[in-house]
Amino acid sequence: MKLVTTPEDATGPRSGVRGLVPTMGFLHEGHLSLVEAARSDCDVVVMSLFVNPLQFDRPEDLDRYPRDLDRDASLAEEAGVDVLFAPPLEVMYPSDPLTTVTVREIAEHFEGVFRPGHFDGVATVVAKLFAALGPDRSYFGRKDHQQLILVRRMATDLSFPGEVVGCPIVREPDGLALSSRNIFLGDRSRAVTLSRGLMAAADAIDDGERDAGRLRRLVEGVLDVDEVDYVALASQSHAAPLDHLDRPAFLAVAAHVGDLRLIDNLPVDLLGEMFVPDRGRRLSEPSSLARP
Ligand code: AMP
């Protein structure tokens, strides 16, 4: 694996289908599942690792975001990454950008409401990565479903030619969705109620429930958290709130446990005439983040 800090070194002379896995590092099995998907479709896998200040709405969250380049480099290499692109701040932003990318509508709901400016930061940095690295395919987790939808739309609107691929959510054996921030989690037993609520909703959808209000109340009935930001059913096309499950959707939840804000969701796909909840992929052993 080559560790590089500039786009020129990341693109190099290699030929074939180029896959990109954008991350903010402190890797876990969720990130590595994206690498696995990229490995199986692409000739060259580039992972970017950049904690993007533009997408943090709270400076204290940026300051305490976990970082460990040595650990990330060895996990990325083991997973089969060919090029790890870890640019310093001055390479990504030589000066404060005067140009940013806004994806209207999609960015106006849910995470966009609770994290002002967050999605402009995401859309801007992903557009820069696409422009600088020119991937044929790029891989994003359904863990951040609204982000996935937003990136896909940004790529279409700005004529980036590559395909944006969405990958299933990787979960701990108890259902908790993996996230780098989980290392700060004090109270797992309460955090796990997000996924437990979503799984109860998945069972209800399998049994024919289509009413968004009843699905929402089902999740809320299971949650044991300090504060709920939202529980909502949204469309996969625009992340717009839905009253009924009548198109591809995701049931999203954001809540606070202690001083950590957690997000999770249940994508619901339409396969033929059937609504099929995507419960994600459960690890058989606790992830590297959950082990002491
Ligand atoms: P991050 O480093 O948190 O910005 O995440 C980088 C990419 O990994 C994003 O596309 C995330 O959606 C994806 N990702 C993070 N956690 C998971 C997970 N538990 N399962 C699948 N993908 C994930």
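A residue counts as buried when its relative accessible area is under 20%, and as exposed when that area is over 50%. Keep those cut-offs in mind for the two residues I will come to. What you see above is a predicted model.

I will start with the whole protein. There are ten helices and twelve strands. The C-alpha atoms fill a box of roughly 55 × 45 × 35 Å along the principal axes. For 292 residues, a compact globule would have a radius of gyration near 19 Å, and the protein has 19 Å, so the two agree. Of the 292 residues, 54% count as buried.

Next, the charges. The protein has 31 positive and 47 negative side chains. The centres of these two sets lie 1 Å apart.

Now the backbone. Most residues other than glycine have a negative phi. Here are two residues with a positive one.

Ala-239 is not a glycine, yet its phi is about 55 degrees. Look for Ala-239 in the loop between strand E8 (227-235) and strand E9 (249-257). Is Ala-239 buried or exposed? Its relative accessibility is 0%, which is under 20%, so Ala-239 counts as buried.

The other residue is Ser-159, also not a glycine, with a positive phi near 60 degrees. Ser-159 sits in the loop between helix H8 (145-157) and strand E6 (163-167). Its relative accessibility is 59%, which is over 50%, so Ser-159 counts as exposed.

To recap: Ala-239 is buried, whereas Ser-159 is exposed.

How values were computed
Residues numbered from 1 in each chain as written. Predicted model: local features only at pLDDT ≥ 70, side-chain atom pairs only at ≥ 80, totals over all residues. Heavy atoms only, no water. Helix = DSSP H or I, 4+ residues; strand = E, 2+ residues; numbered from the N terminus. Rg over C-alpha atoms; globule rule 2.2 N^0.38 Å. Buried < 20%, exposed > 50% of the residue type's maximum accessible area, 1.4 Å probe, protein only. Lys, Arg positive; Asp, Glu negative; His and termini not counted. Charge placed at Lys NZ, Arg CZ, Asp CG, Glu CD.
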